[in-house]
Amino acid sequence: MGEWVYLNGEFVRKNEAKISVFDHGFLYGDGVFEGIRAYGGRVFRLQSHLQRLWESAKAIALKIPLSKEKLTEKVLESLRKNKLKDAYIRLVVSRGEGDLGLDPRKCPHPQIIIITDKISIYPEELYEKGLEIAVVSTRRNIPSTLNPRIKSLNYLNNILAKIEANLQGLPEAIMLNKDGYVAECTGDNIFIVEGEILVTPPIWVGALKGITRDVVIELAQKEGISVQERTFAPAALYASDECFLTGTAAEVIPVTKVDGRTIGNGIAGPITKRLIKKFRELTKKEGTLIYNN
Ligand code: PXG
């Protein structure tokens, strides 16, 4: 882990990076966050992540006490201070300290935290073999209660699904929305391939607007692969030719077994492999430079 954490407007050592027990991020999950990656000295899609952070904050009426430009600088400074080129960056904005009541008006100072870490990722062989995952019984939050578009500190919905997967010995869970349509996984978006067509659930079904999802849609379109955003049920997933997940941590990773059903030929399919390759090429050449040399 990076030694220096940005907290309360300054860089402190990680063992001194402590927040108040009265912070509503801790008491109520009242706050927002982002998970970002740096590859070879470049931060991938930093502005898209910041844009989403601002949108999440706006949705919960949280004012981020720095400009996007200043926060960009602080993220880059965190990476330089920790001498990182390849990293996972966790950006957290919490409501800040208040009293024990819910009222966010009692929290005058939102807290910005930047943690940098080495990335822990799936073993390389899984990008060939694919993951085995399952549809779990925990449904994705409905948008009228807590909209899954908001990347809030309140992740219990996802954690409950993750626990169900873990109890089955599986690394990820597929979550359905209240109507039984496939929404997303606990920390990844989901795609299937039907013949030559790439299909992913629309965001309104109940999914985060993943940055990796957007990149994969762009890459597929550039490759001449047609992409459809439409709803589908687990049966369509079982019958699909290929399936993969997208996320900042997992990148693009094949899924080859769902609920005991083998997907396609049981190994990463051709469209999945093509998109993994294109995605990796892009992360090597694009992004905000951390070091100006
Ligand atoms: N859906 C959800 C619910 C997420 O939290 C994604 C999709 C993928 O979005 P991006 O923008 O990363 O392509 C996420 C983000 C983890 C972890 O440790 C993953 C996320 C958040 C927090 C932790 O795997 N994923």
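User: How much space lies in the second largest cavity?

Analyst: About 50 Å³. The model is predicted, with local features needing pLDDT of at least 70 and side-chain atom pairs pLDDT 80 or more, while totals for chains, interfaces and linings use all residues. Residues are numbered from 1 along each chain as its sequence is written, and side-chain values use heavy atoms, without hydrogens or water.

User: Why is it called a cavity?

Analyst: Because, on a 1 Å grid over the protein atoms alone, a 1.4 Å probe fits at its points but cannot get out. Its volume is the space filled by probe spheres set on the points, which are joined across faces, edges and corners. Three cavities reach 30 Å³ or more.

User: What makes a residue part of the lining of the second largest cavity?

Analyst: An atom within 4 Å of a point. R140, N141, L146, N147, P148, I150, S152, N154, Y155 and N158 line this cavity.

User: How do you know which domains line the largest cavity?

Analyst: Domain 1 (4-117) and domain 2 (126-283) each give at least three residues. The bounds come from an automatic or database domain assignment. This cavity holds about 70 Å³ of space. R37, Y39, I211 and T212 are among its lining residues.

Conventions. 1 Å grid on protein atoms, 1.4 Å probe; cavity = no way out; pocket = protein on both sides within 12 Å on 5 of 7 lines; lining within 4 Å.
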